[in-house]
Amino acid sequence: MKTARLSIRRGTGDEPARYEEFSVPFEDGGTVLDALIWIRAQRDPSLAMRYSCISANVCKECTIAVDGKVVYACTTRLVADRTMALDPLPGKRRLRDLVTETRSPRERL
Amino acid sequence: MTLLETDVLIVGAGGAGMYAAISAARAGAERVLLIDKSLVGRGGATIMAQMTVAAALAEESADDWRLHLDDTLAAGRGLCDETLASVLCEEAPTRIREMGEWQVGWARRDTGRIAQVTAPGHSRPRCCYVDFLNTGPAVAATLRRQVSRIDSVRRVSNLTVTDLVIADGAVVGAVALDTASGEPVTIAATATIIATGGLTRIYRRNSASANMGGDGYALALMAGASLVDMEFVQFFPIGHLAPRLVGMDPIMWDPFRYKLGGRLLDGAGNEFLARYGSTETDAYTTPRDIASYAITQEVAAGRGSPHGGVYLSFEHVPATALREAFGPVIERLARNGIDLARAPVEVSPIAHYHMGGIVVDKHMASAVPGLYAAGEAVGGANGANRLSGNAIPEAMVFGERAGRSAASASRVAGWRDSAAAEAVERIRELGEGRPGNVAAGGLLDELRALMGDDVGPLRNAAGLARALARLGDMRAALGDAAIAPGRECNASLADWFELRASLIAAEAVTRAALARRESRGAHQRADFPDSSPEFAKSQSVAMELAGSVTAGFGR
């Protein structure tokens with residue numbers, strides 16, 4: 001079976017940058033969000049990310065940086081031939097792994 | 001620990017929750033707290049809806065809410081709570097027009113009238129929409145905008161209610177998990193509205209947001225409220241199956257069937273709906289329960305498409321007509337490698353909506369003082385099968401009513417820290433993390449497969465009994481499930497609470513399905529294929545003090 005490789009920035013808050021690499025099953029049409037959900041289910045249940053509508057691209061919660069570019073994880077296709085780098089959104093306070101503080105200041109505790 | 005206090009607490013900030021917040025503030029509540037597991041106004045089912053919204057507006061032809069009620073009751077196969085269904089149909093036009101005043105952007109004809117189309121099960125054109133496939137996002141955005149303008153509504157995102165707090169037999173607030181910090185939060189409230197939507201996320205194939213795992217049903221049961229019609233899960237017949245489609249809701253094909261009459265074909269390319277009693281010719285009129293049953297049977301008989309569904313074909317429609325109906329959606333489909341002029345797509349039933357829910361009166365009050373419900377979380381209005389287009393008006397109408405009722409609720413009992421202590425302690429303890437052989441996330445995946453296989457569109461006693469046994473094992477395993485260390489944004493901690501709620505909701509569905517030894521609406525039993533007058537009544541589900549879930553026809 002073909003695989004895709006993801007290098008994901010891990011850790012909380014201001015911890016120094018640490019990347020962890022995962023191999024995930026690759027299927028035609030598969031997305032970065034599919035891969036993240038697979039990693040959570042099969043490899044590391046603690047991987048933190050935001051998503052809600054699951055690939056319909058209406059909630060807009062799954063914005064992250066892939067290879068330095070800000071994208072939606074749910075509409076970004078996996079590629080099989082190289083390692084994709086996944087980072088939390090730049091310019092936002094990082095909470096954990098790929099989760100940043102994207103809540104409006106008026107929607108926080 | 002954070003302590004919050006409010007007059008009206010609204011759990012869930014989809015369409016029903018946001019409407020409830022607006023209405024509670026409008027009715028004079030000085031402090032309204034609107035919270036969501038996800039981001040306020042981004043999760044839930046409303047934002048996923050593409051079309052349509054049913055209301056007897058009489059813009060296209062003569063109509064009356066009583067005619068809408070007739071269609072709703074017929075679709076419900078004899079089980080609708082007529083009081084709730086009447087409220088829904090009578091007040092839908094007011095809410096739809098109010099949304100229009102709030103600039104939701106209903107599609108209009110050249111004459112300026114709101115466009116209304118005939119969806120399956122409706123006797124006349126009654127369903128309005130926002131083009132193209134934008135109804136839900138437009139409704140959600142409009143409600144977000146309205147809510148954000150009201151100073152008395154405080155919004156908090158990423159707050160998951162894990163338990164309602166009971167004092168002197170009344171709901172006096174809730175305990176919640178603050179996802180970001182992993183810490184417990186207590187919320188003292190005079191009235192609490194459950195607006196958490198349905199439970200379709202407990203099925204492997206679903207059209208739900210990630211936060212639709214049945215939390216509200218579990219919260220209500222644990223608080224002593226009853227549920228009704230829990231065996232009736234609506235499977236949307238033509239959910240997208242293949243080729244892989246992203247950036248679109250899997251239930252997107254319906255409006256195009258209204259507009260263009262797409263044909264459903266078995267794996268060999270033959271039409272089959274007529275063999276299941278459908279009289280549909282060019283127009284799309286087959287009700288959802290019959291279409292889902294027909295497709296499931298075709299696949300079971302080995303006549304399905306390669307991925308286990310059937311074909312939906314628009315190949316007979318001229319390219320210009322396709323372009324006119326689909327608009328910019330054609331490009332989105334092309335990015336997924338789909339060209340409707342050249343090839344069909346594969347579709348199959350997908351868990352879409354839950355008819356069952358919390359038992360409430362016409363004020364949306366449950367039998368437990370202080371506890372209200374709104375939207376899909378409410379049971380009864382749609383009986384055994386929901387009419388297309390009734391879900392968004394239900395969110396709006398029931399949301400508006402619940403907010404109004406909760407705003408005028410008087411305090412039954414005061415908050416007591418001691419009543420919240422166990423729930424607070426549970427969050428603190430689990431947040432420490434712990435080792436274990438099984439992860440809650442893995443069990444959630446197993447639960448979704450189990451429900452899809454054994455409690456899906458076509459059921460039998462053996463499968464339901466197997467599911468119940470496994471659900472019991474999983475509930476036992478919950479006590480030892482592993483939780484990763486680190487409180488902040490701890491996904492495995494959130495999974496644990498989701499699994500706890502989803503298992504209770506799943507058991508409610510399965511017990512009710514096992515006890516209904518007939519087929520009716522969305523509940524189809526291979527071992528009891530016919531409807532029986534003996535079962536022409538609703539079934540209620542309750543939780544006993546020890547935590548066991550029971551279903552029964554006695555009232």
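Predicted model: local features only at pLDDT ≥ 70, side-chain atom pairs only at ≥ 80, totals over all residues.
Residues are numbered from 1 along each chain as its sequence is written, and chains are lettered from A in the order in which they are written. Local features need pLDDT of at least 70, side-chain atom pairs count only at pLDDT 80 or more, and totals for chains, interfaces and linings use all residues.

Q: How far apart are the end C-alpha atoms of helix α13 (residues 461–478) of chain B?
A: Helices are DSSP runs of H or I of at least four residues, numbered from the N terminus. The expected span is 1.5 Å times one less than the number of residues, so the 18 residues of α13(B) should span 26 Å. The distance between the end C-alpha atoms agrees: 26 Å.

Q: Within what arc do the buried residues of α13(B) fall?
A: A residue is buried if 20 or more other C-beta atoms, placed from the backbone, lie within 10 Å of its own. In α13(B), Gly463(B), Leu464(B), Ala467(B), Leu471(B) and Met474(B) are buried. They line one face of the helix, because the directions from the helix axis to their C-beta atoms fall within an arc of 90 degrees.

Q: Which helices do the buried residues of α13(B) pack against?
A: Residues are in contact if their C-beta atoms, placed from the backbone, lie within 7 Å. The partners of these buried residues belong to chain B: α12 (440–454) and α14 (491–515).

Q: How many residues does the contact take from chain B and from chain A?
A: On the side of chain B that touches chain A, α4 (135–148), β5 (153–157), α12 and α14 each supply at least two residues. Strands such as β5 are DSSP runs of E of at least two residues. The contact takes 38 residues from chain B and 31 residues from chain A.

Technical notes:
Buried ≥ 20, exposed ≤ 12 C-beta atoms within 10 Å, placed from the backbone. Contact = placed C-beta atoms within 7 Å.
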